[in-house]
Amino acid sequence: MSGKILDAGCGPGIYTDFLIKKGFNVTSIDLSEGMLKEAKKRVPNGRFYKMSITNLKLKAKEFDGIFCSAVFLHLDDKEVCTSLKEFSRILRKEGLLFLSTKKGKKETVKVYPDGTKKFIHFYPKKKIEDFVKKAGFFVEESYINLKDPDGDIWICIFARKR
Ligand SMILES: C[S@@+](CC[C@H](N)C(=O)[O-])C[C@H]1O[C@@H](n2cnc3c(N)ncnc32)[C@H](O)[C@@H]1O
């Protein structure tokens with residue numbers, strides 16, 4: 001496989017590693033220095049930058065694809081819409097966006113079994129799809145994943161830049 005992919009909000013680099021092994025040319029960004037440190041350890045040959053998905057210091061139409069897994073759940077509506085506009089700007093025409101986020105209707109602080117607390121923004125499927133469309137994408141496929149071990153349900157969307 002080939003193509004230039006942005007791993008947007010790469011966290012510990014699990015998917016960066018996967019995508020590089022599949023043959024893609026991957027650039028990875030995250031806001032957290034701790035996460036970037038872990039990611040660099042996991043993928044020493046990776047290209048990592050500290051950057052927010054709401055303000056991409058990247059050229060227009062530079063990427064063939066964007067992979068954004070489990071990041072929107074930490075953002076508010078305004079930040080999600082800004083990020084989607086940025087994604088649309090850096091993707092070439094007909095470039096592909098994959099995103100996943102948690103399904104629901106509330107904003108909450110979730111306490112995980114290990115005691116960690118995180119701000120989680122749950123989205124209705126239609127709401128996130130409408131944001132994606134408004135940012136200049138055509139939704140090719142969207143589906144719901146069954147409950148994960150935390151009991152949360154995930155929305156997964158593949159969208160093509162118009
Ligand atoms: C739940 S982790 C997901 C990591 C990875 N994408 C995955 O699926 O394994 C969420 C990540 O989003 C990052 N993040 C949150 N807000 C961000 C922002 N505005 N810009 C870039 N990264 C952000 C966090 O630092 C964290 O690493």
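Modeller: Two strands pair if DSSP finds at least two bridges between them. Helices (H or I, at least four residues) and strands (E, at least two) are DSSP runs, numbered from the N terminus. This is a predicted model, in which local features need pLDDT of at least 70 and side-chain atom pairs count only at pLDDT 80 or more, while totals for chains, interfaces and linings use all residues. Residues are numbered from 1 along each chain as its sequence is written.

Biologist: OK. In what sense do β5 and β9 pair, and over how many bridges?

Modeller: β5 and β9 pair in the antiparallel sense, over 7 bridges. In that pairing K102 stands opposite W154 of β9.

Biologist: And what order do the strands of the open sheet have?

Modeller: The open sheet has 7 strands in the order β3-β2-β1-β4-β5-β9-β8, and the pairing is mixed. β3 (47–50) and β8 (137–145) are at the edges with a single partner strand each, so one side of each has no neighbour in the sheet. From one strand to the next the twist averages 15°. Axes here are lines fitted to C-alpha atoms, for helices over the stretch in contact, and angles run from 0 to 180 degrees between N-to-C directions.

Biologist: What holds strands of a sheet together in general?

Modeller: Strands of a sheet pair through backbone hydrogen bonds, either parallel or antiparallel.

Biologist: Which sense applies to β4 and β5, parallel or antiparallel?

Modeller: Parallel: β4 (residues 63–69) and β5 (residues 91–102) pair over 6 bridges. C68 stands opposite L99 in β5.

Biologist: Which helices pack on the sheet?

Modeller: Helix α3 (residues 77–90) packs on the sheet and touches β1 (4–8), β4, β5, β8 and β9 (154–161), with its direction at about 150° to that of β5. Helix α4 (residues 125–134) also packs on the sheet, touching β5, β8 and β9, and its direction makes about 160° with that of β8. Contact between two residues means that their C-beta atoms, placed from the backbone, lie within 7 Å.

Biologist: Back to β8. How is β8 joined to β9?

Modeller: β8 and β9 run antiparallel and are joined by 8 bridges. N145 stands opposite W154 in β9.

Biologist: Which residues make up the two faces of β9?

Modeller: I155, I157, A159 and K161 form the covered face, while W154, C156, F158 and R160 form the uncovered one.

Biologist: New topic: the nonpolar core. Which residues touch the most other members?

Modeller: A8 and I66 do, in the largest nonpolar core, which has 36 residues. Such a core is a set of buried Ala, Val, Leu, Ile, Met, Phe, Trp, Tyr and Cys residues joined through C-beta atoms within 7 Å. Apart from neighbours within four places in sequence, I66 is in contact with L6, A8, F87, L91 and L97.

Biologist: What about the ligand? How many residues surround the ligand?

Modeller: 17 residues surround the ligand, the closest being G9, G11, S32, S69 and A70. A residue is near a molecule if its C-beta atom, placed from the backbone, lies within 6 Å of it. α1 (14–21) and β2 (25–30) each supply at least two residues of that shell.

Biologist: Where does A70 lie?

Modeller: A70 lies in the loop between β4 and α3. Its phi is positive, about 60°, although A70 is not a glycine. With 14 C-beta neighbours inside 10 Å, A70 counts as partly exposed.

Biologist: Last one: what do β6 and β7 do?

Modeller: β6 and β7 (residues 117–121) pair in the antiparallel sense over 5 bridges, and V109 stands opposite F119 in β7. β6 (residues 107–111) is hardly covered, with 0 buried residues among its 5. The hairpin of β6 and β7 has 5 residues between the strands, and G115 takes a positive phi near 95° there.

Methods. Buried ≥ 20, exposed ≤ 12 C-beta atoms within 10 Å, placed from the backbone.
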